[in-house]
Amino acid sequence: MAKPIPIEVWNPSGKYRVVSTKSMPGTRWIRLLTDNDCRLEVCTEQKTILSVDDILALIGDRCDGVIGQLTEDWGDVLFSALKRAGGTAFSNMAVGYNNVDVVAANRNGIAVGNTPGVLTETTAELAASLTLSAARRIVEADQFMRAGLYDGWLPHLFVGNLLKGQTVGVIGAGRIGSAYARMMIEGFKMNLIYYDLYQATRLEKFVTAYGQFLKANGEEPVTWERAATMEDVLREADVISLHPVLDKTTYHLINPERLAIMKKDAVLVNASRGPVIDEVALVEHLKANPMFRVGLDVFEDEPYMKPGLADMKNAVVVPHIASASKWTREGMATLTALNVLGKIKGYPVWGNPNQVEPFLDENSTPPRACPSIVNAKQLGW
């Protein structure tokens with residue numbers, strides 16, 4: 001007999017059964033569900049990643065909705081099981097949903113929620129942090145100190161890259177890419193070159209206005225350029241930050257050929273999705289170019305790194321923590337819970353999933369709506 005999955009139960013007599021495959025930060029999301037007649041069962045299994053069988057056991061014979069995680073494989077097996085159990089809602093605690101087979105969800109009539117609009121600044125801050133850490137060799141220097149190797153100041157000790165006045169390249173100038181660009185431009189007076197299929201008009205206006213402000217105060221103005229090709233960004237930028245969506249066109253976006261055209265002392269940052277970088281090629285490039293540095297929050301085969309990456313002193317690696325600020329993670333939990341609750345209650349879909357502030361105000365009742373349902377149109381909603 002299969003081992004039972006341990007759970008913590010809130011509001012045992014609730015009318016609607018909602019399952020969360022992980023405990024999430026904060027308590028507001030719990031209150032929002034239990035105050036609306038939901039029996040909430042939170043999985044307390046210590047596994048980092050639940051298997052399909054684990055989740056099937058959690059869904060059981062009756063389940064109205066599930067809150068899941070981006071590490072889980074949500075395909076036809078799980079959506080079929082949720083449908084059989086009477087469920088209509090699944091929400092990913094993430095803005096991305098490449099772990100979700102939306103076609104399978106549509107086939108089973110399951111609404112798929114996600115959490116945009118709450119992690120823009122937090123993710124951009126992490127990308128900026130990786131940029132600084134890699135450029136100024138912070139992690140290397142920290143390890144050096146902790147090992148007791150520091151015996152006095154030296155002219156060549158951990159010499160890194162100056163950011164002020166250099167060029168920051170952004171590939172994918174959407175909400176997060178633009179927020180990151182603004183941080184680097186306003187914080188370090190960097191010039192901008194970006195590549196995106198769509199013109200980032202608001203970002204361009206910001207850089208222009210900031211450049212005029214600097215000039216009026218006797219400083220060198222910052223500039224912007226929308227590159228015709230991605231290769232132009234890679235060739236010209238001193239720092240490149242990746243912010244594309246992950247699809248067939250962006251898989252291994254950074255490959256041996258594109259690494260080769262970057263500056264030998266460039267800084268490459270990825271806080272988007274791991275597979276946009278050919279990690280094997282990156283390791284070889286780091287070995288051959290010790291002044292080239294990289295900051296990574298995501299990896300091609302999470303939770304694993306390709307062989308050799310962990311040994312690279314010119315790589316800063318952190319475990320997918322771009323959204324890991326208290327406010328953001330608690331907000332993501334709230335949005336995820338409200339997506340499921342809204343579908344169960346028959347609420348409409350919110351008009352703009354990138355403007356979710358009304359849902360996040362803890363001092364007011366959230367709107368009676370689903371914050372973000374990615375397949376609402378396909379379900380005729």
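Seven strands form an open sheet: 7 strands in the order β9-β8-β7-β10-β11-β12-β13, with parallel pairing. The edges are held by β9 (224-226) and β13 (315-317), each with a single partner strand, so one side of each is left without a neighbour in the sheet. Neighbouring strands are turned by 15 degrees against each other on average, direction ignored. Strands are DSSP runs of E with at least two residues, and helices are runs of H or I with at least four; two strands pair if DSSP finds at least two bridges between them. The model is predicted, with pLDDT of at least 70 needed for local features and 80 or more for side-chain atom pairs, while totals for chains, interfaces and linings use all residues. Residues are numbered from 1 along each chain as its sequence is written, and side-chain values use heavy atoms, without hydrogens and water.

Strand β7 (residues 167-171) runs parallel to β10 (residues 239-242), joined by 4 bridges. Valine 170 stands opposite serine 241 in β10.

The structure holds 2 cavities of 30 Å³ or more (sets of points on a 1 Å grid where a 1.4 Å probe fits but cannot get out; lining residues have an atom within 4 Å of a point).

| Element | Residues |
|---|---|
| α5 | 120-135 |
| β12 | 293-296 |

Met145, Tyr150 and Trp153 make a nonpolar surface patch of about 410 Å² (residues with over 30% relative accessible area and no salt bridge, nonpolar side chains joined within 5 Å). Methionine 145 is found in helix α6 (residues 138-146).

Conventions
Patch = residues over 30% accessible without salt bridge, like charges linked within 9 Å, V, L, I, M, F, W, Y side chains within 5 Å. Areas by Shrake-Rupley, 256 points an atom, 1.4 Å probe, with all protein chains shown as cover. Salt bridge = Lys/Arg side-chain N within 4 Å of Asp/Glu carboxyl O. Axes fitted to C-alpha atoms, helices over the stretch in contact; angles between N-to-C directions. 1 Å grid on protein atoms, 1.4 Å probe; cavity = no way out; pocket = protein on both sides within 12 Å on 5 of 7 lines; lining within 4 Å. Points joined across faces, edges and corners; volume = space filled by probe spheres on them.
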